[in-house]
Amino acid sequence: MLEQIALTIVNWLDTSAEWVVGLVIVVGLTQNLIALIYLVVAAKVLRRQSESENSETLWQQRAPSAPPISLIAPAYNESASIVESTRSMLSIRYPHCEVLVVNDGSKDDTLDKLIKNFALRPSARDFESVTPHKPIRQIYQSQKYPNLIVIDKENGGKADALNAGIDVSRSPLFCSVDADSMLDADALLHAVQPFLSKPDKVIAVGGNIRVANGCRVRGGKVVSVGLPKDLLPMLQTVEYTRAFLIARVAMSELNILTLISGAFGIFRRPAAIAVGGYDTGTVGEDYELVLRMHRHHLEKKIPYEIVSLAEPVCWTEAPNNLQILSRQRKRWQRGSLETFFRHIRMLGNPRYGRIGMIGMPFSLLIDVLGPLVEVLGYLLVPVLWLSGMLNTDYAIAFLALTVVFGVFISAGSLVLEEISLHRIPTAKDLLRLISGVLIENFGYRQLNNIWRLQGWWEFLRKKKSWGEMTRTGFQSTR
Amino acid sequence: MNELQMIWWTSLILALASLLVMLILVLRRWQDERATVREKHQRQIIQQILFSYMNSDWMSGQKDLNNLMNLNKAGQQVLRRLTIDLCYLIQGQERKQLTSLLDRTGFREECLRDLRSKHHESRRTAASALQLFSDDASKAALLPMLDDEAGAVRLAAAVSLKAMDALPDTKVLVQKFEEKNLLQTRGVRSLFREMARRTPQVLRKLAASDDCSARLKIVIADAMSEAADFRVLEDLYRFAKEGNLNLRTTALRSLGTLQHPGAAVVVGQALDDPEWQVRAIAAAAVGQIGLEEFVPRLAALLDDDNWWVRFRSAESLTELGQRGVRALRERASVVSHINDNAGGRMAALLLDEHGLHELQPAASQNRTTTHA
């Protein structure tokens, strides 16, 4: 009898192991297939795009008809980089651009630094209260730069600060930027193109985020592009290149773009107001807003387009230690899950067109199930191997295929980078990046998935905070 | 081949492909780096010869020209890029000199060839670049491009033809744009604005035609804001009274930009429009034109239900001199029950924002109105 029970258990375990391993393989292969589709589509898009226009041509072609834009930069404890990044925003080449820095109740001297460096004076500027946010304590206007406004408000989080910026802005377009980021001087002239060519349709445009660590920064501008010297930011450079040159560009082309990064996105103000602005109850406010805009337009049957471009570039400081990086990744995962489950009724719903039928299922596979399945694989493979339930030959072969496929996709992203943007400074840097492509599969990728799993856990525990993000400030050379 | 072997072979092929791709990238980059250094050096030399050619007399100019024409293929490419950059920066005789030089390098011929390219981006670039030349062959080659399958090419051709003063009949042009749904694009708007500056009568004729759609009227109304000929006002007055909301707002915006006092009647009527968008733009136009007689009506609009109408009215009052400021100050000092005194708060804030509190002492404090 006992023997029979033991046999049944062993059989059950064997069958279960087969199923779980099968699931891991199927999800892994599907993810790889999606990555391959993205690569092919992105290559097609970037091939047909024209060569980058030079600054003078861009200005001549677009400045006369460029609509006003408000740059909104929420800042919370950004004392280390706020002056540099505000200067960067003020140096942007764009005919009608006001810069709104929102001090979200910082505990450090962010506001003092702004007041001192930009000669701020209190202003009684009035605004239209159309989105929810914590009370504004004071609005300041710069005596040096008429287009610089600083909003000092009670702490309410990034989404809350962005909403305050939307309220105070008076332009038809607004651009959300992270206060620790720096836009290329021509970034807005590049990004405004879809709004010019399809003014009745385009409601949001996302740009390309790149890692600024290793670049030379002067007066708030990247004057010379360089690769990070440290390994962690270098591996993130590989990740960002893959995400912004392949995934976002392809998703945009396929009309399934569900995310415009909060670090750099331009939105039509009335369209954002129509959906109530940013949701202050999630840490994935950028993903949530874009998905809500999709939902609103699809439900009301209003024609629209949401676009991601490879050319407008925004530089950001990538975390340089594991602790900060892990916090960032956990928060991203939590934000993705919060948004996904909030809009889960769109999943597989034909009413929501491609977003419901393709975008959301892809998101389910990559953002929701991806880390669970991959970590499950890490745990099960050694256990099953030790218990003799795993065919070692097959396990090793699949592992090799997964790694090689990851390298192949990353190599593809480098090709796209070289044919479209050409921003990797030297052949030596290119070699270093290639080494990053190989290294990331051994340790970094696994670590990332473990952080994402922790993000899952935080989501289940309904954790709401952002966590501290310590900035070192850009390495400025004067 | 069994399954296992297939997996290994796939991995091997992908690995080799990745390595090969990365190797090619690095080698290509090394080659590019060397070429960039060479080109930088070459550009400096060519730039010197080019400037010398532009500033010299006929004799020495011929020598420079010969030097430029005898450049090798790579040098010719550098010369071409340099000349194009300069063409967009200068005007007049020097520009003509440069375009003639460009022509000699074979650039015009290449553009004419590229108009037949199967890549629409090449056709667009070529159509756009041909505006640098004004010869008949370029004009003749550009005209068929208005029927191109790509909207961007049609637009680029139209812009170039406009620069050459060779646009076809406007109705035909509009039809070409409408076929590709280009009317609302900023590019077409810019083109129409340019037409309004130079040939407003053409737009007037178009606006008067029976088959002029509301979409086209909006583009015309927008362009008319750039017209120097005040006869366009008649068209704008008509547009400002039409049923289409976008047309009414566009016409009023243009009237505000043109700043002609004759628009007073139309703008005054628009202040009572049922749509808030129209009231807000009409209120802004009052300030732009400087219609002081509307101060009482703007003061009344400070209590409008819509924030933008209140804001634009208050903003306009700040632009209407002492009368406007006085009205704002009076409204700011009065506590009203309408819209929770939104009008009073708006007046006070605009006075603050424009630093106008110090101009005059408050007329009265803590007065309460009872009008509903």
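Good morning. Helix axes here are lines fitted to C-alpha atoms over the stretch in contact, and angles run from 0 to 180 degrees between N-to-C directions. Helices are DSSP runs of H or I with at least four residues, numbered from the N terminus.

The structure is a predicted model, in which local features need pLDDT of at least 70, side-chain atom pairs count only at pLDDT 80 or more, and totals for chains, interfaces and linings use all residues. Residues are numbered from 1 along each chain as its sequence is written, chains are lettered from A and ligands numbered from 1 in the order in which they are written, and side-chain values use heavy atoms, with hydrogens and water left out.

Let us turn to the first pair. In chain B, the axes of helix α8 (residues 151-163) and helix α10 (residues 186-198) come within 10 Å and cross at roughly 15 degrees. That angle makes α8(B) roughly parallel to α10(B), a label for angles under 35 degrees. Their contact (heavy atoms within 4.5 Å) includes B:L155 and B:V159 of α8(B), and B:V188 and B:L191 of α10(B).

What is the angle between helix α3 and helix α4 of chain B? Helix α3 (residues 73-87) and helix α4 (residues 92-104) of chain B pack at about 150 degrees, with their axes 10 Å apart. They are therefore roughly antiparallel, the term for angles over 145 degrees. Among the contacting residues are B:L79 and B:I84 of α3(B), and B:L98 and B:L102 of α4(B).

Finally, in helix α6 (residues 120-129) of chain B, 7 of the 10 residues are buried, that is, under 20% relative accessible area with a 1.4 Å probe, protein chains only. B:E121 and B:R124 are among them.

Terms used: Helix = DSSP H or I, 4+ residues; strand = E, 2+ residues; numbered from the N terminus. Parallel < 35°, antiparallel > 145°, perpendicular 65-115°, else oblique. Buried < 20%, exposed > 50% of the residue type's maximum accessible area, 1.4 Å probe, protein only.
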